[in-house]
Amino acid sequence: MTKKSLLRGLSLLCTLLLLILPLASCASLGEPLLTLEVDGKKYTYSVNLYELHLSALKGNLVAAGVTSNGASPKSEKFWNTKDTIDGVKQTVNEYYLSEAMKECKYALVGLYLFDKHGLSLSEAEKEKIEQDLDELIKTDGGGSKTALNNVLADYGVNFDIMRQQYTNKLKISAVQNYLYSLLGSNIKEEYMNENYVHFNQIFLAAYHYVYETDDNGDVIYCDDAGNVLYKKTQYSEVRNGITVYFTDSAKERISYDTENGTPSPKINAEGTGYDTTPMTEEELEALEHRARLLATQLASSSKESFEAAILKETDDKTAARTYTDGYYLNKSVDYGADYGNAYSLLLDELEGMKTGEVKAIMTENGYHIVMKLDNTKGAYEKKENSAWFEDFDSSLALENYREECDPYLSMIQTDEAVLEKARDMIGVPVNHFYY
């Protein structure tokens, strides 16, 4: 298991961990594990919520399909696997316990920051908490709070702790949103430039697409939204409210707009991608030659010339028309987990390239003739870039929040005797529902 895959599993719960926080003022809210005393106030974090954090993290790792040496997080083998991370030889169990404790401390500081900045929850938010708790009693307790407490006991919590948890999820969110609202555009630009790589590409597929055809076997051409595009002729009729054009007076063959439309790829039986057929060895050799030739021809081209070549040469014209500002990859994302090796390979190559440099890169999908670009100012706000910056605001807000918390972390006291008795990642149950 690599550090990036470990971090990917952890990132699924980082925000969640920061949004779970008890203020233990009585026995029903658990035994204090962490204590922060600042500005004459005392904030505590219970061992009960610490264990709930661990169980929810375990549930997220199971749901994400993370494995170590072929073992699932449900097995001790997974947690006892040793790896070297940041130069430290440790078990997976030790790594996640350490990272989870850090997140718990960030959460504890967050409650203090909520008070420090004079924030408050609205009446609507408080009402939503009670509604969610009532729903929990109905669905998980069969209408009984006692029955719900019996269920929650497996995770080390009770009804009162869940109320505090829901309350403080909103408080931590309020702190993050407030701090984020104070950031200027220069901070956002700096964050983008530090974390994102910008490029555009001509993609040459190393396979043949299988396209959708009509009853006559003619390939169907569509726009980017999937709507069939017709080329106007003198022969037409209205079908289901849409004017359909034909190539002949008998209206037997449909006239498709092959100039402005794109052949519609056929979805595979699993619904996970497109149907394709493999290329022959001769076709693959010709593809490689074409890719190298294009890269050479475009090596000294301007950004504008490269963009003009994209629509002419690429096999993915839909993407070319959709991503008009090109592609942005986040340096910290493990793209291989969800997209195969293509984006990961591209990112590795791009980080070593200079702005304006053109290179042909081969991945499992084919050849990518890429040009590395400077980031466009305000790219994270552009509609055409939404796919690349989906997590931009939340990631920057989280980083900003942690920087605000950092000076207070050393002030937190840990009750080692309480921690010694707490369950570890092996001991807590898998939790998919309570967080």
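# A walk through the predicted model

Strands S5 (196-205), S6 (207-209) and S10 (262-263) each give two or more residues to the lining, as do helices H9 (281-297), H11 (317-322) and H13 (342-350). H11 gives the most, with four residues. Helices here are DSSP runs of H or I with at least four residues, strands are runs of E with at least two, and both are numbered from the N terminus.

How is a pocket found? Rolling a probe the size of a water molecule over the atoms shows where empty space is left.

Residues are numbered from 1 along each chain as its sequence is written, and side-chain values use heavy atoms, with hydrogens and water left out.

Now for the charges. Side chains of opposite charge can pair when their charged atoms come close. The whole structure has 13 salt bridges, each being a side-chain nitrogen of Lys or Arg within 4 Å of a carboxyl oxygen of Asp or Glu. One of them joins Glu 99 to Lys 102, with the closest N and O atoms 3.2 Å apart. These two are three residues apart in helix H4 (residues 92-116), so about one helical turn separates them. Glu 99 counts as buried because its relative accessibility is 15%, whereas Lys 102, at 41%, counts as partly exposed. The cut-offs are under 20% relative accessible area for buried, over 50% for exposed and in between for partly exposed (1.4 Å probe, protein chains only).

Other bridges reach further along the chain. Lys 251 pairs with Glu 237, the closest N and O atoms being 3.9 Å apart. Lys 251 sits in the loop between strand S9 (242-246) and S10, and Glu 237 in strand S8 (residues 235-239), so the pair ties together parts 14 residues apart in sequence. Lys 251 is partly exposed at 30%, and Glu 237 is partly exposed at 28%. Arg 290 and Glu 313 meet in a salt bridge at 3.1 Å, N to O. Since Arg 290 is in helix H9 and Glu 313 in helix H10 (residues 303-313), this pair ties together parts 23 residues apart in sequence. There is also a network of salt bridges linking Glu 130, Asp 160 and Arg 163.

So what about a charged residue without a partner? Lys 372, in strand S14 (residues 366-373), is buried yet has no salt bridge; the nearest side chain of opposite charge, Glu 351, is 7.3 Å away. (Lys and Arg count as positive and Asp and Glu as negative; His and the chain ends are not counted.) The Lys 372 side chain does reach the backbone oxygen of Met 353 at 2.9 Å. Beyond residues up to four places away in sequence, Lys 372 touches several others, including Val 197, Phe 199, Leu 350 and Thr 355; contact means heavy atoms within 4.5 Å.

Asn 330 is in strand S12 (residues 327-330) and counts as buried at 8% relative accessibility. Its side chain makes a polar contact with that of Ser 332 at 2.9 Å. A polar contact is a pair of N or O atoms within 3.5 Å; within protein, one must be able to donate a hydrogen and the other to accept it, and residues adjacent in sequence count only if both atoms are side-chain atoms.

Finally, two loop residues. Asp 39 lies between strand S1 (32-38) and strand S2 (41-46), has a positive phi of about 55 degrees although it is not a glycine, and is exposed at 61%. Asn 69, in the loop between helix H2 (47-63) and helix H3 (76-80), also has a positive phi, near 55 degrees. Asn 69 counts as exposed at 53% relative accessibility.

Key
Predicted model: local features only at pLDDT ≥ 70, side-chain atom pairs only at ≥ 80, totals over all residues.
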